[in-house]
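Here is a short report for a reader new to this structure. Take a look at the model before reading on.

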Amino acid sequence: MSKIRLFTIMFLFLMLSQMALFQGCVSKNVHHVKAEKLVSEKDYDSAVKYYTKALQKDPDNLEARLGLQHARQTASILHMQKAEKFLERKYFKQAIEELQVSIAFYSGNTKAIELVDKAKRMKQSDYFFNKGNQQIKTGNYKNAKESFQKALELNPDNEEAKTALASYKKETGKLPFYRLDYRSNAPISLKFKKTPVLNVFEILSKLSGINFIFDKDLKESKVTLFMTDISLDKFLEVLLKTNSLKAKLINQKTMLIYPDTPAKVKEYEELYVKTFYLSYLEAKNAVVILTKILKSKNITPNKKLNSVTVRGQKNMLEMAARIIEANDRAPSEVVLNVEILEVARSIEKNLGLSVSDSITFGVSETSTGIAFDTASAIETGTAFGFASMGSLEDISNIGSKELYLSLPTATLRLLKQHGDTKILAKPQIRVSSSEKANILIGERVPIRSNRKVQTDGTTTYDFKYEDVGIKLAVEPVVNMYDQITMKLNIEVSALSSNVGTSDDPQYAIKTRTISTVMTINDGGNVIIGGLIQDEDRATIRKIPLAGDVPVLGRLFSSKYSEVAETDILMSITPVIIRRQDIPKQEIAEFWSGTQKQASLKVPEEEKIKKETDFNNFPNKDYVKVIAEDEFLPNNNYFSIQVYSSKFKPEAENRSGQLEKLGYKTWIRPAEIKDKGTFHRVFVGQYTSYMLAEQARLNMIKTDTFPKDIHIVDKDYVYK
């Protein structure tokens, strides 16, 4: 008995263990079990997927919820680490993609959010570094230097950009204009009154140790000059200009002097040839611009390479380079979101007696009376049916009691019906500013255009194809204020009736057209309608003879009428996806010398005016950046730059406008190299980049802010 009892106890224990194990398996659904297995295999991306499915099956499963959170955070970290390795190898695109996945798994990963911004800046830095290398290959050293500087601004750790900038020699001071090796650079004072010009050059030669050679056509003239404390180089420049002379450097000790006439300039002036390769500006348009400004015929386009070759003086070629850089810019681009709807409204009326248009004859049993209702006749035993067949003897004995015909039925009807709205198409099209975009929703229909009779009597036709349907032509022009001016042409067409013959059909085309010009903001919406078409149809049904009786005939007829009205509505929403690329101020505007002589030098009177204006600036001390921040005690923050102006009143005015709308603003001045002082307007201070980005997104959804506002950190503010 003891063995049996022991066996029984063991059996019960095993059963209970199995039940407990089964109960544990039941508590975890199959997705939960799969997720835990994937975690053990360190496949956290897939684990997130199965934990999510497990929670969909069992939303109250706390263990699965905790597992999902752990898997998300771990997957986020792993993708971020992978992105960091990509950044080390300069695989910026892959790094950004991994960081975006990392943030998608866990939005609280602030380090990944910061790395996204860093990766984008590193990518831009690498772009400007490569651009600088390309500019060096084309001999554009000045712009190459600016590209390297921009690369270093975006990424201070860009060692390649640092090395490239180090290759430029530091400016040690302004070099003499004529690059002559004077005996002394000490200032001189000279006074000449009606002195022969050759005598003046003789004195200069003794003072400076420079040799002068004169052209055979140099005319003798007299010089009157009184100049004190001036360099030899400057005196020589003034002497040449005031006497219509030009100079050509033979070497650092010798200079050729000749008359400043077109013939002599062509004879002595060294010309340079440079080819400009264009990205956006067409070569033929570049030739038009350069020819009008430079007044030169030595400008040739290459259509296949989209390039322009210019031959001229060095100064003129540098001017050509700036003109091309100012005009060869990426144009604005717009995405047009178009929605075309058809609104159909119809009213149908059917009023009057609708009389049956046939009478049925048949043979049945002898009638006892008119049957008004078949169902009731069946109940009363008077139902009848038409005979399907009969003998000749029976047919010959048919009487009026057995012959039946159906009586006409009349129905009074009133019908009213309204149409509906349907979307015909929702196309999207991307187009550059000032370019045309065309949309056709319909078909190309062949129309006979010419009938020919051959000598053998056969007839042939020529066909031309017509676009029939909905045609939209749009030409958007984007201005500097993110406003879009659109030239719209809308045409709705359809084939109409045959205006020819059945043998020679000629179809008319019904057309409804709208043309307009409008200006709307970026992301604004415009709806165009009114392309309405009406159709009236009427049908009359009546009993013969009775319906033809005047006045009384209306009692034996019915009239059906339909009015169909179709309207085409078009909704257009333009969205700017690339704004106009505006060049720097020194590219868009520069001094170009006189009408007679091209030169990039700034006139002396303009230099003096600029210095005087700065000295008279009422708040010169304000250009210094404030060292301490009084806005908030937090020293590590992100803010949003929303405005910048060279004029302090304008910045203060913009700040005041935003303050009235409830935004907390503050202003900081910053000294920009070669551009002067700019007063920047900032909104808010945020403890994390993520919070600042959310605020920025909310701002650009309104009309208060432009789309190009950007997030900055404190280091940027105090630059």
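## Helices H2 and H3

In this predicted model, helix H2 covers residues 30–40 and helix H3 covers residues 44–57. Their axes come within 8 Å and cross at roughly 160°. An angle over 145 degrees counts as roughly antiparallel, so H2 is roughly antiparallel to H3. The crossing of H2 past H3 is left-handed.

Which residues of H2 meet H3? They are His31, His32, Lys34, Ala35, Glu36, Leu38 and Val39. On the H3 side, the partners are Tyr44, Ser46, Ala47, Tyr50, Tyr51, Lys53, Ala54 and Lys57. This contact of H2 with H3 has 8 nonpolar, 3 polar and 4 charged residues.

## The loop residue Lys42

Lys42 sits in the loop between H2 and H3. Lys42 is not a glycine, yet its phi is positive, at about 65°. Is Lys42 buried or exposed? Its relative accessible area is 65%, so Lys42 is exposed.

Asn306 also has a positive phi, near 50°, and is a residue other than glycine. Asn306 lies in the loop between strand E7 (299–302) and strand E8 (307–312).

## Helices H4 and H5

Helix H4 spans residues 62–88, and helix H5 spans residues 92–105. The H4 and H5 axes come within 8 Å, with a crossing angle of roughly 165°. H4 and H5 are therefore roughly antiparallel to each other. H4 passes H5 in a left-handed crossing.

H4 contributes Arg72, Ala75, Ser76, His79, Met80, Lys82, Ala83, Phe86 and Leu87 to the contact. H5 contributes Phe92, Gln94, Ala95, Glu98, Leu99, Val101, Ser102, Ala104 and Phe105. Sorted by class, the contact of H4 with H5 holds 11 nonpolar, 4 polar and 3 charged residues.

## Helices H9 and H10

Helix H9 takes in residues 197–208, and helix H10 takes in residues 232–242. The axes of H9 and H10 come within 12 Å. They cross at roughly 165°, so H9 and H10 are roughly antiparallel to each other. The crossing of H9 past H10 is left-handed.

From H9, the contact uses Val200, Phe201, Leu204 and Ser208. From H10, it uses Leu232, Phe235, Leu236, Leu239 and Leu240. How many nonpolar, polar and charged residues does the contact of H9 with H10 have? It has 8 nonpolar residues, 1 polar residue and no charged residues.

## Lys194 in strand E1

Strand E1 runs over residues 188–196 and includes Lys194. Lys194 has 61% relative accessibility, so Lys194 counts as exposed.

What does Lys194 touch, leaving aside its neighbours within four places in sequence? Its contacts are Lys222, Val223 and Thr224. The C-alpha atoms of Lys194 and Leu225 are separated by 8.6 Å. Along the chain, Lys194 and Leu225 are 31 residues apart.

## Arg329 in a loop

Arg329 belongs to the loop between helix H13 (314–327) and strand E9 (333–355). Its relative accessibility is 16%. Buried means under 20%, so Arg329 counts as buried.

The Arg329 side chain reaches the backbone oxygen of Glu325 at 2.9 Å. Not counting residues up to four places away in sequence, Arg329 touches Tyr280, Gln580, Asp581, Ile582 and Pro583.

## Gln657 in helix H18

Gln657 is part of helix H18, residues 648–660. With a relative accessible area of 38%, Gln657 is partly exposed. Gln657 and Thr704 are 47 residues apart along the chain. Their C-alpha atoms are separated by 9.7 Å.

## The whole chain

How many helices and strands does the protein chain have? There are 20 helices and 24 strands. The chain has 719 residues, and buried residues make up 33% of them.

Consider contacts between residues at least 6 apart in sequence. Of these, 65% join residues at least 24 apart.

Technical notes: Residues numbered from 1 in each chain as written. Predicted model: local features only at pLDDT ≥ 70, side-chain atom pairs only at ≥ 80, totals over all residues. Heavy atoms only, no water. Axes fitted to C-alpha atoms, helices over the stretch in contact; angles between N-to-C directions. Helix = DSSP H or I, 4+ residues; strand = E, 2+ residues; numbered from the N terminus. Parallel < 35°, antiparallel > 145°, perpendicular 65-115°, else oblique. Left-handed = near helix turned anticlockwise from the far one by under 90°. Contact = heavy atoms within 4.5 Å. Nonpolar A, V, L, I, M, F, W, Y, C, P; charged D, E, K, R; others polar. Buried < 20%, exposed > 50% of the residue type's maximum accessible area, 1.4 Å probe, protein only. Polar contact = N/O pair within 3.5 Å; in protein donor to acceptor, adjacent residues only side chain to side chain.
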